[in-house]
Every structure is written in C-alpha cells, then in structure tokens.
Amino acid sequence: MSEAMRQELRRNARRTARLARIKSLATTAKDEDALSRVSKLLEKENARHDKWMAGQDGKTDKVGAK
C-alpha cells in the first residue's frame, strides 16, 4: 500500500468519524437542520473518497503492468 493511499484512508476515517460524532450530537439534540447538513456532508465525503480510490486503482494497475 502506498503512502498516499494510507494518508487518504486516514483522512477519510478522521473526517467520517467527526461527521458521525456531529450526527450523533444532532440526533440527541433533535436538531433537524444540523442532521440534514451532516448527512449531506457524509454523502459528499464518501463520494470524494470513492472517486479518489477509483483513481488510485487505475494508477496501481498501470504501475503493476510495467
């Protein structure tokens, strides 16, 4: 596993953990506005991460073929 991939996995884990914590606090406080915002942010982070990982799969295949 490359260093860039390790960093991306750490970054994604940190961001999703923070957003999950915010989501649990918003749920406890019954704050519907914050809950909807954090849900959108979680979707956005997951999409960003999936796109990055898909880009890395292509790069890894090219490197392995050489």
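User: Is Arg48 buried, exposed or partly exposed?

Analyst: The class follows from relative accessible area: buried is under 20%, exposed is over 50%, and partly exposed is in between. In this predicted model, Arg48 has 28% relative accessibility, so Arg48 counts as partly exposed.

User: Which residue forms a salt bridge with Arg48?

Analyst: For a salt bridge, look for a side-chain nitrogen of Lys or Arg within 4 Å of a carboxyl oxygen of Asp or Glu. Arg48 meets that rule with Glu8, where the closest N and O atoms are 2.9 Å apart. This pair links distant parts of the chain, with Glu8 in helix H1 and Arg48 in helix H2, 40 residues apart. Glu8 counts as buried because its relative accessibility is 0%.

User: What does Arg15 pair with?

Analyst: Arg15 forms a salt bridge with Glu45, and the closest N and O atoms are 3.1 Å apart. Since Arg15 lies in helix H1 and Glu45 in helix H2, the pair ties together parts that are 30 residues apart in sequence. Arg15 is partly exposed at 35% relative accessible area, whereas Glu45 counts as buried at 6%.

User: How many salt bridges does the rule give, and which residues are linked in a network?

Analyst: The count comes to five salt bridges. Glu8, Arg11, Arg15, Glu45 and Arg48 are linked in a network.

User: Which backbone oxygens does the side chain of Thr16 reach?

Analyst: Polar contacts are read from pairs of N or O atoms within 3.5 Å. The side chain of Thr16 reaches the backbone oxygen of Asn12 at 2.8 Å. The backbone oxygen of Ala13 lies 3.2 Å from a polar atom of that side chain. Thr16 itself lies in helix H1.

User: What does Thr16 touch beyond its sequence neighbours?

Analyst: Not counting residues up to four places away, Thr16 touches Leu42, Glu45 and Asn46. The C-alpha atoms of Thr16 and Glu45 are separated by 7.5 Å, although these residues are 29 apart along the chain.

User: Where does Leu42 lie, and what is it in contact with?

Analyst: Leu42 is in helix H2, residues 32–65. Leaving aside neighbours within four places, Leu42 is in contact with Thr16, Leu19 and Lys23. Leu42 counts as buried because its relative accessibility is 16%.

User: How is the length of H1 to be read, and which of its residues are buried?

Analyst: Compare the C-alpha span with the span expected at 1.5 Å a residue. H1 has 27 residues and reaches 39 Å from first C-alpha to last, close to the expected 39 Å. In H1, the buried residues are Met5, Glu8, Asn12, Leu19 and Ala26.

User: What is the phi of Lys30, and where is this residue placed?

Analyst: Lys30 has phi near 55 degrees, a positive value in a residue other than glycine. Lys30 is in the loop between helix H1 (3–29) and H2. Its relative accessible area is 68%, so Lys30 is exposed.

User: What do the totals for the chain come to?

Analyst: The secondary structure comes to two helices and zero strands. Of the 66 residues, 17% count as buried. Among contacts with a separation of 6 or more, 63% are between residues 24 or more positions apart. The accessible surface is about 5200 Å², of which 55% belongs to carbon and sulfur atoms.

How values were computed
Residues numbered from 1 in each chain as written. Predicted model: local features only at pLDDT ≥ 70, side-chain atom pairs only at ≥ 80, totals over all residues. Heavy atoms only, no water. Helix = DSSP H or I, 4+ residues; strand = E, 2+ residues; numbered from the N terminus. Buried < 20%, exposed > 50% of the residue type's maximum accessible area, 1.4 Å probe, protein only. Contact = heavy atoms within 4.5 Å. Polar contact = N/O pair within 3.5 Å; in protein donor to acceptor, adjacent residues only side chain to side chain. Expected span 1.5 Å × (residues − 1). Areas by Shrake-Rupley, 256 points an atom, 1.4 Å probe, with all protein chains shown as cover.
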